[in-house]
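Take a look at the model below. This report covers rings, charges and strands in turn.

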Amino acid sequence: MARHRNVRSLDADEEYDDFHSCYGHSVEDDFCISPGTEAQFLYNRSSQNQSMSAFFESHAPVPEEEDSEDEPFNSLDSYTKKISLLNSVDTAKLQSCVEALQDVVGDTIPEMTLKSAAMDNDFDLERTLNAVLQENAPKPPRAKKSEPVKVIPTASIPIPVPAVKSQPSPKPKRIVKQEKKSDETPKKFSEGFDSPVSKRKQELKASAASDSQSAELLKATEEQKTEANKSCKIEKSGKEIFSSERGNDKPLINLVVIGHVDAGKSTLMGHLLYNLGNISQRNMHKFERDSKKQGKGSFMYAWVLDETPEERNRGITMDVAFSSFETKNRSVTLLDAPGHKDFIPNMITGAAQADVAVLVVDSTRGEFETGFEQGGQTREHTMLIRSLGVSEIAVAVNKMDNIGWDEDRFKEIKTKMSSFLKQVGFKESDVTFVPCSGLSGENLASGPEEPNFKKWYTGPTLVDVIDGFHPPERPVDKPLRMCVGDVFKGMTGGLCAAGKIEAGFLKNGDKVLVMPAAESAVVKGITTDERSLAYGFAGDQVVLQLSGVDINNLVYGSMICSVDKPVKVTSRFEARLVIFNISVPITKGYPVILHYQSLSEQAIIKKLVSELNRNTGEVRRNKPRCLSKNTSAVVEIEINRPICIELFKEFKDLGRFMLRAGGSTIAAGLVTGIK
């Protein structure tokens, strides 16, 4: 108890003498309050009619200064989130739109405001510019109130208050109404404490007010620029872009090499590539050494195109080999097709991508007759390429060195082939015969040197004939169409699709559609023959690097097309057929294999619509019971699953197909209607 105060004898009145004098006042107030102002905060106990609830209701919160023009800090999160959700295409559009806006408004408007406005207006430059200029335009001044206003000061910051006539018992409700109507007090408050943001706003308002005419002029100029760009985009056609990009390049032709098995196609074209300098001496020496080790020294030039071990071991081409070379006036994409009967489907895939062809025949006695007579691939290959739209052909009479460069044998072969080619549909002016030797290289890239050969031949070399082929007109103005012939993973891990662009054009960054999966993708790169391209046009054999597409939806036979005008997808269509030399008549329900571009699908002849006159195309009879050999007809074909296909009248190269059954080609067709 010694440490505690003795409170028993404590005089309470003396101890708390000055306590009641300061009750109800803040002891930390260091400024004076007028009696009138103090009366507003005190409850008047003398008034019997005044309730305590009225006292609290009268003190409404002081309205804060409006600051709607400043972007709130909590909007940064949503703004950042919007930016992160944009894809690569939208991000590029946003950056382009912001740069264009900054060219007009300069640094007067923050970049964050420009980006937000651009996203709100879907990256439309004109609408975004209008929105930004309207938002930062000077606002009309507010009407000043003549009625004086009272200000309730805070306890922490002393604020000068205008002189006001106070009344002994002010009515709080009336004061609140005056505060709501007053706009002068918040202005005086902001004038006394200007932040950097408010100063920046004032500068923007002043700048916008002084340059209102300049802003209108810039707006009009930007509108004219936008309209000019739109008109340029509309007027600039695919042909104009093709002319500007490829106007100085050599015309491109796609050349397919066809013929009976062992006619010497790969050896002929491999030696041609070597003579043109496309194969180095070092690689050629390696091919010669390796082929001799396997006892196949005569196949060394064939190994230039036959690259797989199985092809080299068996000594035959099994798949279409791609290469390229240039002549004096042409840029050539070479497609070496297989000649074996078992690989006719692969040959059709190569022939469907070709513009012109080289038919290789073996001049050796007995070998030419084997390939040309019934069952040989010389006839079948020729009918296939003609049915697939090839109109120009060069007949390379190969292995002339085996017969001692006999002129009579060459004329005999020329006579037989000319008659047959005319029956198939080739014009005499579109067919050229070239005697040559693939193994010795005679009459390939240079004129004849063999004395027995020089006596009677003065015609062109094989390269001269290829150089004289007419390149077809490219449908670059039509919607994009590209049939996928191969799908693989690229060096960088991206998904790649290889094939020929049949119509239209594309460039890096374009958004395309993969059908029939109906999945969109973005073109990240275009290459051809290991060279990067800015544009890919109709006729180009390209490899596209795609992003945003599932590998399960990008398969052989898929069609890459434009988003605005996608390719048609169907499982049933009407077609006009030309029936070949078949042994069994075609009836309703006849099963066939449909070959369309790089696609092979099982199908049936669903309906026989009519039989036509093969020469005139007139209807001979409707609903025939069967179709015999060498006839023409209109039928309906049903496929076991939907495929991408086009009408012949709209896309000629995409409106052709072949029908096979029993290991042989039975008909060629044109798509005339899609169900």
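## An aromatic cluster

Trp405, Phe410, Phe453, Trp456 and Tyr457 form one aromatic cluster. The model is predicted: local features need pLDDT of at least 70, side-chain atom pairs count only at pLDDT 80 or more, and totals for chains, interfaces and linings use all residues. Residues are numbered from 1 along each chain as its sequence is written, and side-chain values use heavy atoms, with hydrogens and water left out.

A pair of aromatic rings is described by the distance of the centres and the angle of the planes. Rings of Phe, Tyr and Trp (its six-membered ring) pair if their centres lie within 6.5 Å; planes under 30 degrees apart count as stacked, over 60 as edge-to-face and the rest as tilted. The structure holds 13 aromatic pairs. One of them is Phe410 with Trp456, a tilted pair with 5.6 Å centre to centre and 40° between the planes. Phe410 lies in helix α19 (residues 407–424) and Trp456 in the loop between α20 (451–454) and α21 (462–467), so the pair ties together parts that are 46 residues apart in sequence. Helices (H or I, at least four residues) and strands (E, at least two) are DSSP runs, numbered from the N terminus.

Which kind of pair do Trp456 and Tyr457 form? The ring centres are 6.0 Å apart and the planes stand at 75°, so this pair is edge-to-face. Phe410 and Trp456 are both buried (under 20% relative accessible area; exposed is over 50%, partly exposed in between; 1.4 Å probe, protein chains only). Trp456 has a relative accessible area of 18%. Tyr457 is buried too, at 9%.

## Charges over rings

A charge sits over a ring if NZ of Lys or CZ of Arg is within 6 Å of the ring centre and within 35 degrees of the ring normal. Arg379 has its charged end over the ring of Phe372, 4.4 Å from the centre. Arg386 does this with Phe426, at 5.5 Å.

## Strands

Six strands make an open sheet in the order β2-β3-β1-β4-β5-β6, with mixed pairing. β2 (321–326) and β6 (431–435) stand at the edges, each with a single partner strand, so one side of each has no neighbour in the sheet. Two strands pair if DSSP finds at least two bridges between them. β1 (residues 252–259) and β4 (residues 356–362) run parallel, joined by five bridges. Ile258 has Leu359 in β4 as its bridge partner.

β19 (residues 599–612) and β20 (residues 619–622) pair in the antiparallel sense over three bridges. They form a hairpin with six residues between them. Gly617 in the turn has a positive phi of about 85°.
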